[in-house]
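I opened the model to look up a few residues and their surroundings. My notes follow in the order I took them.

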Amino acid sequence: MWRCFPFKWLDFAAISGATASPNPSFALFVESHPMANRIGHTVYSTAELKTMQQVITLSVFSVFSVFYLKESFTWQHVAGFALIGGGATLIFKA
């Protein structure tokens with residue numbers, strides 16, 4: 001079996017550190033951002049702010065992946081975005 005490091009625990013530590021380090025910051029970005037707390041929360045709920053963040057991020061990344069990375073945009077992407085859009089609609093109707 002191919003390994004990055006000579007010891008299995010170093011492989012585990014490297015993979016765990018690489019995948020776990022950005023996740024808390026993504027999960028807490030809206031709640032911990034000072035402008036979201038001061039300005040945004042007076043108009044939108046926390047769930048609405050987080051939903052807007054995710055939809056904007058996904059939209060920007062989609063444009064980047066199609067035009068810069070030259071990846072194809074398939075019907076599965078359209079269906080997934082439609083489901084995400086439906087979920088966003090539910091959040092804002094609540």
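**Entry 1: Ile84.** I am working from a predicted model. I started at Ile84, which is partly exposed because its relative accessible area is 41%. Ile84 belongs to helix α5, which covers residues 75-93. I then looked for its partners, setting aside neighbours within four places in sequence, and found Ile84 in contact with Val55 and Leu58. I also checked Gln54 against Ile84: the two are 30 residues apart in sequence, and their C-alpha atoms are 9.4 Å apart.

**Entry 2: Thr51.** I moved on to helix α4, residues 46-67, where Thr51 sits. Is Thr51 buried or exposed? Thr51 has 16% relative accessibility, so I put it down as buried, the cut-off being under 20%. Again leaving out neighbours within four places in sequence, I listed Ala88, Ile91 and Phe92 as the contacts of Thr51.

**Entry 3: the surface patch.** Together with Val43 and Tyr44, Ile91 and Phe92 make a nonpolar surface patch of about 340 Å². I located Tyr44 in the loop between α3 (34-43) and α4. I read 33% relative accessibility for Tyr44, so it is partly exposed.

**Entry 4: aromatic pairs.** I searched the whole structure and got 4 aromatic pairs. One of them joins Tyr44 and Phe92: the ring centres are 6.4 Å apart and the planes stand at 85°, so I logged the pair as edge-to-face. What does this pair tie together? Tyr44 is in the loop between α3 and α4 and Phe92 is in helix α5, so the pair links parts 48 residues apart in sequence. Phe92 is partly exposed, because its relative accessibility is 35%.

I then took Phe64 and Tyr68. Their ring centres are 5.2 Å apart and their planes lie at 20°, so this pair is stacked. Phe64 has 38% relative accessibility and so counts as partly exposed. Tyr68 has a relative accessible area of 61%, so I marked it exposed. I noted one aromatic cluster made up of Phe61, Phe64 and Tyr68.

**Entry 5: the whole chain.** Last, I stepped back. I counted 5 helices and 0 strands in the protein chain. Along the sequence the pattern reads α-α-α-α-α. Of the 94 residues, 13% are buried. The chain exposes about 7,500 Å², and carbon and sulfur atoms supply 74% of that area. Among contacts with a separation of 6 or more, 36% involve residues 24 or more positions apart.

Methods:
Residues are numbered from 1 along each chain as its sequence is written. This is a predicted model: local features need pLDDT of at least 70, side-chain atom pairs count only at pLDDT 80 or more; totals for chains, interfaces and linings use all residues. Side-chain values use heavy atoms; hydrogens and water are left out. Helices (H or I, at least four residues) and strands (E, at least two) are DSSP runs, numbered from the N terminus. Buried means under 20% relative accessible area, exposed over 50%, partly exposed in between (1.4 Å probe, protein chains only). Contact means heavy atoms within 4.5 Å. Patches are made of residues with over 30% relative accessible area and no salt bridge: like charges are joined within 9 Å, nonpolar side chains (Val, Leu, Ile, Met, Phe, Trp, Tyr) within 5 Å. Accessible areas come from the Shrake-Rupley method with a 1.4 Å probe; for residues, only the protein chains shown count as cover. A salt bridge is a side-chain nitrogen of Lys or Arg within 4 Å of a carboxyl oxygen of Asp or Glu. Rings of Phe, Tyr and Trp (its six-membered ring) pair if their centres lie within 6.5 Å; planes under 30 degrees apart count as stacked, over 60 as edge-to-face and the rest as tilted.
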